[in-house]
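I opened this notebook to record what I looked up in one structure, entry by entry. I begin with the terms and then turn to the chain itself.

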Amino acid sequence: MPMTGTFMLPQLITLAGANTVARCEDAARSKMSGSDQSSFQPKATTPDGIKIEKAARALLKSVLKQSVDDRREFGGVIYRDDTTGKIGWTGPFRGHASGRVDVQQDAENRGCPVGTTPVAWYHTHPVKEFYNIQNGVLITMGAEWDKFIGGDEDLSNKWGLTGYVATFDGRFWRYDPPPSTMINGKPTSEAFAKGRWGPLNGKL
Ligand SMILES: [Zn+2]
């Protein structure tokens with residue numbers, strides 16, 4: 001999940017249960033707006049799409065083990081050079097908690113160089129459960145690691161970016177926002193239409 005809006009110190013996120021709260025809200029929101037969480041197997045079919053997917057796979061593969069070992073999300077943004085068509089990327093950035101990573105989506109051009117267009121973002125879901133300590137008691141909560149909801153969905157829909165995810169079990173997933181979400185950089189009335197989410201063929 002990307003960091004959005006208010007920012008909390010990493011140790012507070014980990015220890016004060018902020019994560020848990022955020023995730024609960026995400027789950028509730030997801031139920032209301034309801035992205036289509038049924039599985040499908042999208043596959044890039046254009047040369048450009050294949051290049052982007054290849055980059056996402058390689059980036060996620062390079063960082064998944066460390067992400068799982070550290071219990072930290074990692075992620076970044078993938079972009080296309082407007083002149084050459086070449087694919088590049090930011091990150092992978094190390095997250096501040098097991099359920100959060102700032103991929104700089106709120107920066108100018110999503111943190112990508114001038115003269116490029118962001119086309120996708122990628123991040124890891126390294127844990128099955130979140131741990132929080134509340135009043136000295138250890139609390140665990142399912143991380144909804146196999147879902148693309150809340151902040152994940154918001155980021156993709158808001159910016160019209162395909163979302164690639166690597167989960168701790170080595171699977172590689174893709175989310176496609178509804179195509180009509182953005183027109184000229186502004187959300188449309190279809191902004192709450194369903195996106196598509198599911199695992200891609202093969203492990204990383
Ligand atoms: Zn996520």
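**Entry 1, terms and source.** I call a residue buried if 20 or more other C-beta atoms lie within 10 Å of its own, exposed if 12 or fewer do, and partly exposed in between, with C-beta atoms placed from the backbone. A nonpolar core is a set of buried Ala, Val, Leu, Ile, Met, Phe, Trp, Tyr and Cys residues joined through C-beta atoms within 7 Å. I noted that this is a predicted model, in which local features need pLDDT of at least 70 and side-chain atom pairs count only at pLDDT 80 or more, while totals for chains, interfaces and linings use all residues. Residues are numbered from 1 along each chain as its sequence is written.

Of the 204 residues, 40% are buried.

I looked up the largest nonpolar core, which has 31 residues, and the residues with the most contacts inside it are Ala56, Leu60, Ile78, Ala120, Trp121 and Tyr122. Helix H3 gives the largest share of this core, seven residues. For alanine 120 I set aside neighbours within four places in sequence and found contacts with Ile52, Ala56, Ile78, Leu161, Thr162 and Tyr164, where a contact means that the two C-beta atoms, placed from the backbone, lie within 7 Å.

I checked the length of H3 (residues 47-70): at 1.5 Å a residue its 24 residues should span 34 Å, and its end C-alpha atoms are 35 Å apart, which agrees. The expected span is 1.5 Å times one less than the number of residues. H3 bends by about 40° at valine 63, the bend being the angle between axes fitted to the seven residues ending there and the seven starting there. Its buried residues, among them Ala56, Leu60 and Val63, pack against strands S1 (74-81), S2 (87-89), S4 (116-125), S7 (162-167) and S8 (171-176). Just after H3, arginine 71 takes a positive phi of about 55°.

Phenylalanine 130 stands opposite methionine 141 in S6. Strand S6 (residues 137-142) is hardly covered, since the count of buried residues among its six residues is zero.

Notes. Helix = DSSP H or I, 4+ residues; strand = E, 2+ residues; numbered from the N terminus. Pairing = 2+ DSSP bridges.
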